[in-house]
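Hi there,

Here is the structure I promised to pass on. Have a look at it first, and my notes follow below.

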Amino acid sequence: MSSHLHILKERLPHTWDALLARFGRFTDIQAQALCPLLDGKNCMLVSATASGKTEAALAPLIERHKRSSRKGLSILYIVPTRALARDLARRLDQPLNHLAVPMRVKTGDEPALNTFRPPELLITTPESFDSMLTSRPRMVKDVRAVVLDEIHIFDNTARGDQLRILLNRLRRIKSYALSRGDIRDDDLQFCALSATVHDPMSVASRYFTNPVVIATGGRRAIDAELIAMEGAESLNRLFAGLKSQGRKKLLVFCTRRAECEEWAHAFRTGSPFGDRVFVHHASLDARMRRAVEKNFSDAEAALCFATSTLELGIDIGDVDLVALIGAPASTSGFLQRIGRGSRRTSRTAVVCFYRTEIEEAMFQVFLSAAESGELESDAYFFRPSVIVQQLCSYIKQTRFGEIDPDSAYELFSSPEGVPLISKSQYDKTVGHLILKGFFISPAGGMLRPGPAWQELYERREIYTNLVDTKPLSIDVFDEMTGRRLGEIGMKVARGSTFLFGGQARRARRVEERKLIVRPAEEAEEAKLPRFRTPWRPLNHRLARSVAARLDVPYAESGAHIAMVSGREETEDEGSTEISERTNRAWIFHCAGDAYGLVLGDMLEALYKVNLEDYNGLYLTVTGQLPAGPLRMSAEQVRTRLRRRWHQFESWYDMGRFQSHLPLEVRRASVIEAFDIEEFLRTFADRDITEIKPD
């Protein structure tokens, strides 16, 4: 060990042996993160999968904790999923026992915490952290450090905005405890972790102040193969070649749960993996998911079809090959998925099955970004639907069950105190929630729980911004064992057959909200429904990159929009004469579905053309197109958006409580997500120029 690394090791007298010695040396991220974290800096660690980021964060943070000799909950470790919380606890159990640092996991799957003997390190999710703030706010007053793992999973989502407000609530609790003399200082240190994040400084700054970004290279080389999907035969050809390549463990990601079920069922018989074919998605009961994770990890040869539930760092053993059926929505999701393969080698192998030319281009874009490290992401916007959820949660935290709305407004701000929403929109939201019965407001202006809040609380839904599937789902139970298998989000008639857990099930009966099932007979399996992959809008940033990969018409200059025109001739009804009807043009905007649709609206409104069709890459219009540059103002675009906002609301991740906002605030939030300024930069003052395709 060099003298520099030896000095670093000496700075970790408590934690080196327990947390880092197994590496034999410091990894790059560990060596670079050690001193800033030991010095109390707020850090953003960006490093490849399996590079030791968890230990890079925890070794110095626990070292500081051991030096302080303070008891109580000191380190809060926040993760995106319950499965990751369990897996992390399993990995850390032995080293933390060695360090005599009590650790617990708090999620909906775990027993309640002992308030009188809190752990010193707590692993939790945003939802369970939210619940803890309402029921045990005094327990978090001693927290000295917060780790935000897989920060890119949270950021720019309703859960990420919830987490931002939760951290403000934690700061407020500590400030109050300091004013009462319950703690000596209200210092909080933060450390965020990610393997795939665009603009890490901006991301970190949304959660804490003065971030120090520590990023290391070392991206693994990618051996990628792009294959056109031709049904089961494509996978059969892949399986046939695995043995000769020495590959025994295969993880296949699908874009939807129904696809996972179909493929797992199709290959449960007749595949080289025998009965070692698994399915993993969020609708399965937690016990079933854990069993799949363990069985897949323990198996020497196995095949698992999964959704994004296995994107994160859950321990499923060493995977020889990752395959993707269909492209994920983002580069980040792609990198997370391929990062699960060949974790012990310097190269990762991935097979990308595409079903359309656009999916093929998306894979090419993702691979190029993975190789260059130049990631793109959507522009951030705050989701005001989180105000509804956080006010409902915060009122439960307060001592007398009431809140001052003006004081609560200060929670909805950046770490520097900049408001995330205007006071007028906030006040309108509060007034609307009073009208809807979430709160009552007696004389004095304080808010107290109303009947709608009580209903939400009784359903235990005040702590989450995850998509609400309960009203549409029903619990599935096995008739023979009585065990819960999970939940299904579609209507199932008695006697019908469907796939669940990779097996065909026959619905026997419904008892209240329980669907009782048994294994289907072979003859019944022929009646299984087939699912189609739903349409998904292409966002404008990804559309630009996809267009560059496809052989689409384009204008040579960035000041122009390419157009291909043609004349359509039709036969008049009742006549044998052919008459020319109109000009038809294909405008290649290459800016995504939402921008393309609004561009078509603008052309109709300003230039009287007719919009016939649109998609993420081009418009089809008829009529006389304008000569010269497109002239449009922000107000004109906003006017068109006021007509489209409800359609676009489902295209953006606006959050679970979006429908509880007043219409004016709902509309404004969608317009902000659309980003009018970016739209004008993309199209305003550009000429529509006709080109002749090759």
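Let me begin with the aromatic rings. Tyr-595, Phe-648, Trp-651, Phe-674, Phe-679 and Phe-683 are joined into a cluster by ring pairs. Here, rings of Phe, Tyr and Trp (its six-membered ring) pair if their centres lie within 6.5 Å, and planes under 30 degrees apart count as stacked, over 60 as edge-to-face and the rest as tilted.

Before going on, a word on the source: this is a predicted model, where local features need pLDDT of at least 70 and side-chain atom pairs count only at pLDDT 80 or more, while totals for chains, interfaces and linings use all residues. Residues are numbered from 1 along each chain as its sequence is written, and side-chain values use heavy atoms, with hydrogens and water left out.

The structure holds 19 aromatic pairs. In one of them, Trp-16 and Phe-26 have ring centres 5.0 Å apart and planes at 55 degrees, so this pair is tilted. It links distant parts of the chain, 10 residues apart: Trp-16 belongs to helix 2 (residues 16-20), and Phe-26 to the loop between helix 2 and helix 3 (28-38). Helices (H or I, at least four residues) and strands (E, at least two) are DSSP runs, numbered from the N terminus. Both Trp-16 and Phe-26 are buried, where buried means under 20% relative accessible area, exposed over 50% and partly exposed in between (1.4 Å probe, protein chains only).

Phe-239 and Phe-267 make an edge-to-face pair, at 5.1 Å centre to centre with 80 degrees between the planes. This one also links distant parts of the chain, with Phe-239 in helix 10 (residues 232-245) and Phe-267 in the loop between helix 11 (257-266) and strand 10 (277-280), 28 residues apart. Phe-239 counts as buried at 4% relative accessibility, and Phe-267 counts as buried at 4% too.

Two charges sit over rings, meaning that NZ of Lys or CZ of Arg is within 6 Å of the ring centre and within 35 degrees of the ring normal. The charged end of Arg-383 is 3.9 Å from the ring centre of Phe-381, and Lys-514 lies over the face of Phe-477 at 5.0 Å.

Lastly, strand 6 (residues 189-194): six of its six residues are buried, so the strand is largely enclosed by the rest of the structure. Strand 1 (residues 42-46) pairs with strand 6 in the parallel sense over four bridges, with Cys-43 opposite Cys-191. Strands pair if DSSP finds at least two bridges between them. Strand 5 (residues 145-148) also runs parallel to strand 6, joined by four bridges, and Val-146 stands opposite Phe-190.

Best wishes
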